[in-house]
Amino acid sequence: MYKTPCSRLTGVWKCLSRDGLVGVGVQQKLIANVARSHMSARRLIQLCRRDQAEWMTFQHLCFLKRQYVKSSSVLCQRVRPKQEHVASVLDDRDDSVVRQVQQIPALKPEPGTVGPPCDPTEPEAARAARLEARQWKELKVEYSDLPGIYARLSKLKLTALVVTTAAAGYAMAPVPFDPVTFLMASVGTCLSSCTANSINQYFEVPFDSNMNRTKNRPLVRGQISPLHAVSFALACGIPGVTLLTLGVNPLTGFLGALNIFLYTCCYTPLKRLSITNTWVGAVVGAIPPVMGWTAATGSLDPGALLLGAFLFSWQFPHFNALSWNLREDYSRGGYRMMSVTHPGLCKRVALRHSVGLIGLSALGPVLDVTTWTFPLVSLPINLYISYLAFRFYRYGDRQNARKLFFCSLWHLPMLLLLALTCKKSRVPQDEAPVAPSTPSPAL
Amino acid sequence: LVHSKDSKKDSKTATRSPTKHHTGETIPLIRRDPSHCQRTGFSPAAASKCDWIGPPDRLSNLRPIIYHIPENETPLERTLRHLRQDTEDWSHEFWTNQNFTFSKEKEEHVRSQLSSKGLSERDDDGRKRTLSSEEMAVFYKHFLDKNMTRHASYNREWYGRNFTITLLMARVALHNTWRTLTGQTRGTGREKGKST
């Protein structure tokens, strides 16, 4: 049991001084630090390098540590849960710390798990069996975990981003702000997104198990059953779409339902059949701001389509750069992505759409969505992302792909924020636009 | 889908004892295919009334499940359990094969690339040489293209099985809820409601 967290620090623990008192002092300090599990690997290395006179083996250190821990009864009680904490942190990155601490007492009295904690004379096979037994869990719902499970099932962070783009769409629409409609549109979009993400995870269980990025999802780990996931999806989707249709307007409701269908029934299966999944996925990302706009105005104006076009074009540098570094996982999992099957196309499309963002920004004033200041103030960030996309196109290596991906993460919020500040202010009664180049009073 | 499984189910019933209560050591061995015996030595305690889910399998990365067989299991529940077990086995076989083939072909590709460049497998420090991501990308594309029809047929079947299992789970849950609401019990005081 001590080996698991120890082995993760193997490269560090291998070299330790044995030099007399200093060695003992260092050992005790290091052991105490491990027990507290506050020490990072880097600090350990710094401590090790102080005295490189004599080296100690890893096994010797573990033996000494066991002796020290056993002789100190206080530590024996403490060390075990802390080491479980380290192991769980390393294994279940998605779990919150609170949940892990709650789980630790539950591990002890579970039936089917046996074994004394510190027993160095235990045979290897029995210990392996005991370790394996500890990893088996009952397949039943822990009600206290449900909020966290639902958050992960609905990909809450992604949902939050989707709602933000929808809210931006609403805010950009040239109508007075109505907080009730805004709230209903946001809640409806949130619920629709939760539905789509849950069904996506329900479809993809064996594939998610095999990819590092997704192997800690709730359905993969068996925290809830497939039926439970589908029920949750229906419980979100039906009220969500109903709220959009009845509380906002039928067009927005239709767009919400369409988006759920596109994501679950088109994008998700297509991921394994053809590279066109990326274009479908870009449309899925483009629809929320359109929904926000139609929630405000009730009609599909050119402005709505422009905002949708921003999101559509942005998806390509974002996703193509992300998928560039996941090629091995995608290949093994059977996902057909441009980065694997058509790498040249992948880079070209990312560059094309990054440059396209500059052109789309120029359309803002043409369509009376923004003032003329918008293309000018957004030019620096658009040029920067185009530059990174060009480097990605030219060199096609991991570094440039990563840079492009991280740039896309802040580029979109900045662009939407700039559009919002450059929004063309209107007097509601007028048909024609007001005097040009008057930035919104919000500035 | 259920019809085609009937013959398999009958042959499996001969080796299973679905009406026996879950007792621990022997039941999993009798219940499961030989491949499962090798896969896991774990057996839940006799008192447990739940299914148990294990750590990801070394080969297929899928988590095995040991199903609890309740007393007076209804035919619907038995169909569901068999279907889930069958799907688990079939999926495990596919992914084991997939991951193994992938690793093997990847090794071969690296070896052939290195030998065509005149390099040995290990460099002067004894570490294994790796190829650049561009050279590996050729292999990844080739692997995907080669296995396209196999993947597509797995997808189709997986969607069908997943959907059938979920429908059956819904029917079992509704059936149990109805029986509890109308006051019928199994006769052993089994708890109400949906299994997860």
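The structure is a predicted model, in which local features need pLDDT of at least 70 and side-chain atom pairs count only at pLDDT 80 or more, while totals for chains, interfaces and linings use all residues. Residues are numbered from 1 along each chain as its sequence is written, chains are lettered from A in the order in which they are written, and side-chain values use heavy atoms, with hydrogens and water left out.

**The two chains**

- Chain A contains 22 helices and 1 strand; helices (H or I, at least four residues) and strands (E, at least two) are DSSP runs, numbered from the N terminus.
- Of its 443 residues, 51% are buried, where buried means under 20% relative accessible area, exposed over 50%, and partly exposed in between (1.4 Å probe, protein chains only).
- The accessible surface of chain A is about 20500 Å², and carbon and sulfur atoms hold 65% of that surface; accessible areas come from the Shrake-Rupley method with a 1.4 Å probe, and for residues only the protein chains shown count as cover.
- In chain A, 72% of the contacts with a separation of 6 or more are between residues 24 or more positions apart; a contact means heavy atoms within 4.5 Å.
- Chain B has 6 helices and 2 strands, arranged along the sequence as α-α-α-β-β-α-α-α.
- Chain B has 196 residues, 45% of them buried, and an accessible surface of about 10800 Å², with 56% belonging to carbon and sulfur atoms.

**The interface**

- The interface of chain A and chain B holds 2 salt bridges, a salt bridge being a side-chain nitrogen of Lys or Arg within 4 Å of a carboxyl oxygen of Asp or Glu.
- A network of salt bridges links A:R336, B:K141 and B:D145.

**Salt bridges**

- Side chains of opposite charge can pair when their charged atoms come close.
- Over all chains, the structure has 14 salt bridges.
- B:D145 lies in helix α5 (residues 133–146) of chain B and A:R336 in the loop between α18 (327–333) and α19 (338–341) of chain A, so this pair joins two chains.
- The closest N and O atoms of B:D145 and A:R336 are 3.0 Å apart; B:D145 is partly exposed at 35% relative accessibility, whereas A:R336 is buried at 8%.
- A:K424 pairs with A:D368 in another salt bridge, with the closest N and O atoms 3.4 Å apart.
- That pair links distant parts of the chain, 56 residues apart: A:K424 is in the segment after α22 (398–421), and A:D368 is in the loop between α20 and α21 (373–395).
- A:K424 is buried, with a relative accessible area of 11%, while A:D368 is partly exposed at 25%.
- In chain B, the side chains of B:E157 and B:R161 form a salt bridge with an N to O distance of 3.0 Å.
- B:E157 and B:R161 are separated by about one helical turn because they are 4 residues apart in helix α6 (residues 148–181) of chain B.
- B:E157 is partly exposed at 31%, and B:R161 is buried at 3% relative accessibility.

**Annotated regions of chain A**

- An unreviewed UniProt entry carries the annotation "transmembrane region" for residues 158–177, 251–270, 277–296, 372–392 and 404–421 of chain A; UniProt positions are given in the numbering used here, feature names are shortened, and annotations may be inferred rather than shown by experiment.
- Residues 372–392 of chain A are 95% helix and 0% strand, with end C-alpha atoms 30 Å apart.
- Residues 404–421 of chain A are 100% helix and 0% strand, and their end C-alpha atoms lie 25 Å apart.

**Individual residues**

- A:G256 is in helix α15 (residues 250–270) of chain A and is buried at 1% relative accessibility.
- Not counting residues up to four places away in sequence, A:G256 touches A:L244 and A:M291.
- Most residues other than glycine have a negative phi.
- A:K155 has a positive phi, near 50°, and lies in the loop between α9 (146–153) and α10 (156–172) of chain A.
- B:N72 also has a positive phi, about 55°, and is found in the loop between β2 (65–66) and α4 (75–116) of chain B.
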